[in-house]
Amino acid sequence: MHDMSALELSAAIMAKKIGVIEAVDAYIDRIEASDSRLNAFLCVEKDKARAKASQIQARLDAGERLSPLAGVPVAIKDNISVEDMQCTCASNMLGGYTPVFNATAVERLERAGMIVIGKLNMDEFAMGGSSETGVFGAVKNPWDTSRVAGGSSGGSAAAVASGEIPLALGSDTGGSIRQPCAFCGVTGIKPTYGAVSRYGLVAYASSLDQIGPIGNNIDDCAAMLSIISGRDDMDSTCVLESPFDFGQEACPQRLDGIKIGLPRNYFDAGIAEDVKSAVMAAARELEEAGAVVEEFEMPLMDYMIPAYYIIACAEASSNLSRYDGLKYGYRSPNADTLQGVYRMSRSEGFGLEVKRRIMLGSFVLSSGYYDAYYKKALQVRSLIKDAYSSLFGRFDMILSPVAPGTAYKIGENAGDPLKMYMGDIYTVSVNLAGLPAAALPCGFGAKGMPIGFQLVGSAFSEGKLVSAARVYQNRTEFNKARPGGEAL
Amino acid sequence: MRVDAGLISYLEELSALSLSEDEKLRLLGDLDEILQYMASLSGLDTQNIPAYSLVYDNMNAREDVATSSLDREKLLRNAPKSANGMFVAPRTV
C-alpha cells in the first residue's frame, strides 16, 4: 500500500480492494514504526481517524462519489487548524490550545472524504528553514537522520518521503513548502497568493502565506490542490473564482511550444556544484521534451532576501501581538499585573528565532526607521513583482533551483541566522510576487541527499505548471525513489 | 545603523518581551549583522516607485450580515483563566 500514489490508493478503495479503515490503520502502523526516529508527527489521532474512516467507508458503500482522493489518509502541518486537534505551531506559546473550527482547506479535504490522522512538526510559527526551531525538537531527514528535513514544513515533507502519509498540507511564506520538498525528495506546490483560503492558518506574514500540498508526485498534489483551492467567504484575499481543474492527461510526454526561462545569475555563485548540475539536467530534460529553454539575467537578486525578511518580520511582529497570555495558549504563572502577563507570557512562550523576528519587525516599523526599511522594502517588492510580470511576457515559466545546497547536518547552521536566511535566495521572490511554483525532485547530490528544482509561473497559471511537471515526472524516475536504511 | 543595548531595550518594549541577559547578548550581535545586511536596500533607487499594497479589484468581500459566531463556551475553554463567561485578567484599576 505504501508504494501506491494517493490517487491509486483512492482508486483501490473505490474498487473495494482496500478498506478505508485498513488504509488508515496501515499508515498509523507505519508512523508508530518509524516516527520515533523521524519526529515528523506531533500527534496522531488514531481513534478519531478510525471513526472518520468508518463514516467515509459507509458513505462510499452507499454509492456516494466524494472525490478522487476519497478514503486517503492525510496529515496537516501544526499551524493549520483542525477542529478538536492540537495546534501548537511547535511553540510553547500555543501549548494546550485546541481550535474550535476547521481551516477552510481542512474542511474541504474532509468534505472530499480524506481522513486527517494527525498534525506535523515544523519550525516554531513557521519561522525557519530547517524544522529545528520548534519546541518539540528537529525533524530528521528520512534519507539521513543526522540531517535536517528542511523547513518550515519539514514534518510534512519527511512524513511523505518516509511513507508515513501519502499526502500532507504545508504552508509556504518564503519557501516553506518547496525547500523541505527539495531536501526530502518529494513534490509540492506553493499556490498563487489568493488561490487557497488562509482561514484557519495561523498567521505568520499574511501577505505572503499560502497553504499547499506535499505528495509523492505532481498528480497527487494537483488532485489535492483542486480540492482546497477556490473562493472562500472567510478570506477576502482568496479570489480564485472556481477551484482548479487540472484534468486527467494520459502520460503527457511533450512540451512543444513552451518557453522556459533559466536565470543565469542563480547559477553563478553560492550554489553547490551537485545542485547546479542536477537542475541544469532538469532543464535539458524539458528541452528534450520540446520546450525552448532560454537563459536570462534575473534582476534585483541582491535585494530579494532583505526585502523579504523586512516585510515578513514586520507582518510577524504585528500578527504575533495577539499572543497576550489571556485568550488562549500559554500564560505565565510568574506575573500579577496586566503588562506583566503580556511580557512574561510572551517571553517564556516564544523561542529565540520568533523573538528575533518580532524584534526585527518592531525595528523596521518603528518611528525613524519605517521609511528606510519597511517602505523601502515595499517599493522593492513592487519592482520585483513588475520584473516577474515582464519576464512572463517572454516566458511561460521560469526554472530554477529551490535551495543552494542539499540538506545539511542538524545543528550545522543553527547559530547563524543570516546564513539560514540566505538559504532562501531562490524561493522568497516567488512569495513577494504572489506567484505559483511547483517543486520537483531532480536527482541526488554528492552526499546522497535529494535535490529539487522549481517551476515558477505567472499568477494563477498552476495548470501550465502542473502540465510541465507531469511531462517531467513521466520522463524521469526521481520522484519514485524512496529512502531506505535505518530510518525506516 | 549600529545596534546597542539601548536599542535592544527599546525593541523589547515595543515587542512586549523581556529578554534574558543571554538572549540580549545574542540578539544584539544577530540584529546588528542582519540590519546591516538589510540596509543594502538603500543602494537601490526607488524614487517614484509606489509601495506594494495588497489590493485586488476583485477582492472577495462578503455581505455585511450578522451571523452566529463561534461558540463562546468552547472558546473560553482555551483561555488560561476564565470566569462567568469572560477572560480573567489581572486588576488594572
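## Exercises on chain A

The mean positions of the 46 positive charges (Lys and Arg) and the 56 negative charges (Asp and Glu; His and the chain ends are not counted) of chain A lie 2 Å apart. Each charge is placed at NZ of Lys, CZ of Arg, CG of Asp or CD of Glu. This is a predicted model, in which local features need pLDDT of at least 70. Residues are numbered from 1 along each chain as its sequence is written.

**Exercise 1.** Find out how the radius of gyration of chain A fits the globule rule.

*Solution.* Start with the rule, which uses C-alpha atoms: 2.2 Å times the number of residues to the power 0.38. For 488 residues, a compact globule would have a value near 23 Å. Chain A has 21 Å, which agrees. Then look at the box that its C-alpha atoms fill along the principal axes: roughly 60 × 55 × 45 Å.

**Exercise 2.** Work out what share of the residues in chain A is buried.

*Solution.* Take buried as under 20% relative accessible area, with a 1.4 Å probe and protein chains only. Buried residues then make up 67% of the 488. Next, turn to contacts, meaning heavy atoms within 4.5 Å. Of those with a separation of 6 or more, 76% link residues 24 or more positions apart.

**Exercise 3.** Describe how strands β4 and β5 of chain A are joined.

*Solution.* First, locate the strands (DSSP runs of E, at least two residues): β4 covers residues 140–141 and β5 residues 144–148. They run antiparallel, joined by 2 bridges, and pairing requires at least two. A:N141 sits opposite A:D144 of β5(A). Finally, 2 residues lie between β4(A) and β5(A), which form a hairpin.

Definitions and conventions. Chains lettered and ligands numbered in written order. Predicted model: local features only at pLDDT ≥ 70, side-chain atom pairs only at ≥ 80, totals over all residues. Heavy atoms only, no water. Buried < 20%, exposed > 50% of the residue type's maximum accessible area, 1.4 Å probe, protein only. Helix = DSSP H or I, 4+ residues; strand = E, 2+ residues; numbered from the N terminus.
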